[in-house]
Amino acid sequence: MDTGSGPPPDVLDDAEARTRYARHLLLPEVGLAGQRRLAAARVLVLGAGGLGSPALLYLAAAGVGTIGIADDDVVELTNLQRQIVHGFPDVGRSKVSSAAAAVARVNPGVRVETFDQRVSAQTADALVAAYDVVLDGTDNFPTRYAVNDACARAGIPLVWASVLRFDAQVAVWWAGHGPCLRCVFPHQPAEGDVPSCAEAGVLGALCGTIGSLQAAEALKLVLGIGEPLVGRMLVHDALRQSWDTLALQADPECAACGSPVGGGRGARLGAVALALPVPAEPVAVVTARELSIEMRRPHPPVLIDVRPEPERAIVSIPGAVAIDLADFRSGEAFSRPELGSLGTPLVLYCKTGVRSTEATRLVAAAGWGYAANLTGGVLAWVREVDPGLATY
Ligand SMILES: [Zn+2]
C-alpha cells in the first residue's frame, strides 16, 4: 500500500516517541518498521460519532501520522451517551473541532485534517483519494454508498461497520481484493426503510466495541499484518454476546466494483441479524390454512395485525395483537411487550399482505429471528378459514 507523504521516517529517533510506542515496538508484527509505517500513514475517519470516537482515539494513540476527520454535525447532549471523543463542555461545538482537540490531547504528534462537511457523491472521490485507508462511521445510506463507490473506484480499503440497538456488523470492503458494499447490498435502502439509531436506539458501549474493532482493522491494513475482514463480515449480537462470521463474495456484475475476483452474487446471509435489509430477498410466508393449524398448537406464533384501528374494527383474526406498521418503521414496535422476547416466532398480516410484507422485512432486518407474512392477508383468512367473518 502506498503510505503517502507524512512525517519524516526518523520520527522514532526521539526517546520520547520510543517510550510512547514501547508496547507496539515490543510486538514483532509492528516494531520500529511498523511504527514508522503508522507515522507515515494517512487514515480518514468519516463521522466523529459513536464509531468514529473510539476509532479516532485509538488511531491517534497508535501514532497514525495523519488523521482526516469529516463530519458536518455539532455536538449535542444526546451524543454523549456513546460519542466519547466529545465531552460535556463540547456541546454546541462542531464535531470536527471537538474531535481534533481530543486527538491532540491524546497525541500532539498527529497531524489532523478536518472536513466540516457531509460527504456526498460529488465530494467523496476527491476526499478519499488522499488517504490510504478510510473508516466509515457515518449513519446515513447516501453517504455510505457514495463513500463505498469512491473507495471502490480508487481501490482504497474501506473499514465499514453498522450498529443498531444491540446488533453490529463489521467488514472491510476492498475492490480488487474482495467484495464492496454494493456487491453484498446492491440496493441502497430508501430513506425511512431502515430505522436509524436516532429512531431505534443503540447501546453506547457497543459503539466502543465496534469502533475499536474498526481501528484495529485500519491499523492492520496500514501495517500489512494479519487477515483483514476482506470477504468476511463479523456479525455481533451484544445481548447474546455472540460473534459470527459470514463469508462474502464479490459480485462480478457489481455496479461499483465489477470485481474480477468474484464468483457468485452477494452474501450468504443466513438467519442472522443485519441492520441493512436485502430488498431482493423474499420474506418468509405462511398461508391462511397453515396459520390456522399453527394457531391451534400449544405454542402458537404471536399474530400481529399491522393495520390501523378503523380497518381492525371491521374484521380481525382472533388472537391477533395490534401493532401498527408505523411502529415497525419507527422501531418502536420492538420494545412492545406483546411481541414477546427476542426470537419469538411472529406472523404478520394486513388486509392483503402488502403492508405486512414491509413489516415482516423490518422484523427480519432487526434480527428478530423468525417472522412470516400471511399471504393474502385477513381477506385470505376469511376466504379459506372462516367465511363467517366480515370482509371489506
Ligand atoms: Zn462491488
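## Val-172 and its surroundings

Val-172 touches Pro-157, Leu-158, Val-159, Pro-179, Glu-217, Leu-221, Leu-229, Val-230 and Gly-231, leaving out residues up to four places away in sequence; a contact here means heavy atoms within 4.5 Å. The residue sits in strand β6 (residues 167–173), where helices (H or I, at least four residues) and strands (E, at least two) are DSSP runs numbered from the N terminus. Val-172 has a relative accessibility of 1% and so counts as buried. Buried stands for under 20% relative accessible area, exposed for over 50%, and partly exposed for what lies in between, using a 1.4 Å probe and protein chains only.

A word on the basis of all this: the model is predicted, with local features needing pLDDT of at least 70 and side-chain atom pairs counting only at pLDDT 80 or more, while totals for chains, interfaces and linings use all residues. Residues are numbered from 1 along each chain as its sequence is written, and side-chain values use heavy atoms, with hydrogens and water left out.

## The whole chain

Stepping back, the protein has 15 helices and 13 strands. Its C-alpha atoms fill a box of roughly 85 × 50 × 40 Å along the principal axes. Of its 392 residues, 51% count as buried. Among contacts between residues at least 6 apart in sequence, 67% join residues at least 24 apart.

Helix α3 covers residues 31–40, and its buried residues are Gly-31, Gly-34, Gln-35, Leu-38, Ala-39 and Ala-40. They pack against α2 (22–25), β1 (42–46), α4 (52–62) and α10 (204–223). For reading such a list, recall that an α-helix has 3.6 residues a turn, so residues three or four places apart point the same way.

Helix α4 also meets α5 (residues 95–106): their axes come within 9 Å and cross at roughly 35°. Axes are lines fitted to C-alpha atoms, for helices over the stretch in contact, with angles from 0 to 180 degrees between N-to-C directions. On the α4 side the residues are Leu-56, Leu-57, Ala-60 and Ala-61, and on the α5 side Ala-99, Ala-102, Val-103 and Val-106. The residues of this contact divide into eight nonpolar, no polar and no charged. In this scheme Ala, Val, Leu, Ile, Met, Phe, Trp, Tyr, Cys and Pro are nonpolar, Asp, Glu, Lys and Arg are charged, and the others, Gly among them, are polar.

## The annotated domain

The UniProt record, an unreviewed entry, places "domain: Rhodanese" at residues 297–390; such annotations may be inferred rather than shown by experiment. Over residues 297–390 the chain is 34% helix and 15% strand, with the end C-alpha atoms 25 Å apart.

Ser-356 lies in helix α14 (residues 354–365) and is buried, at a relative accessible area of 0%. Beyond four places in sequence, Ser-356 touches Val-306, Leu-348, Tyr-349, Cys-350 and Asn-373. Glu-384, in helix α15 (residues 377–384), is partly exposed at 30% relative accessibility. Glu-384 and Pro-337 are 47 residues apart in sequence and 30 Å apart in space, C-alpha to C-alpha.

## Cysteines

Cys-350, a partner of Ser-356, is buried at 1% relative accessibility. Cys-257 is buried too, with a relative accessible area of 19%. Taking a disulfide as a pair of cysteine sulfur atoms within 2.5 Å, the count comes to zero.
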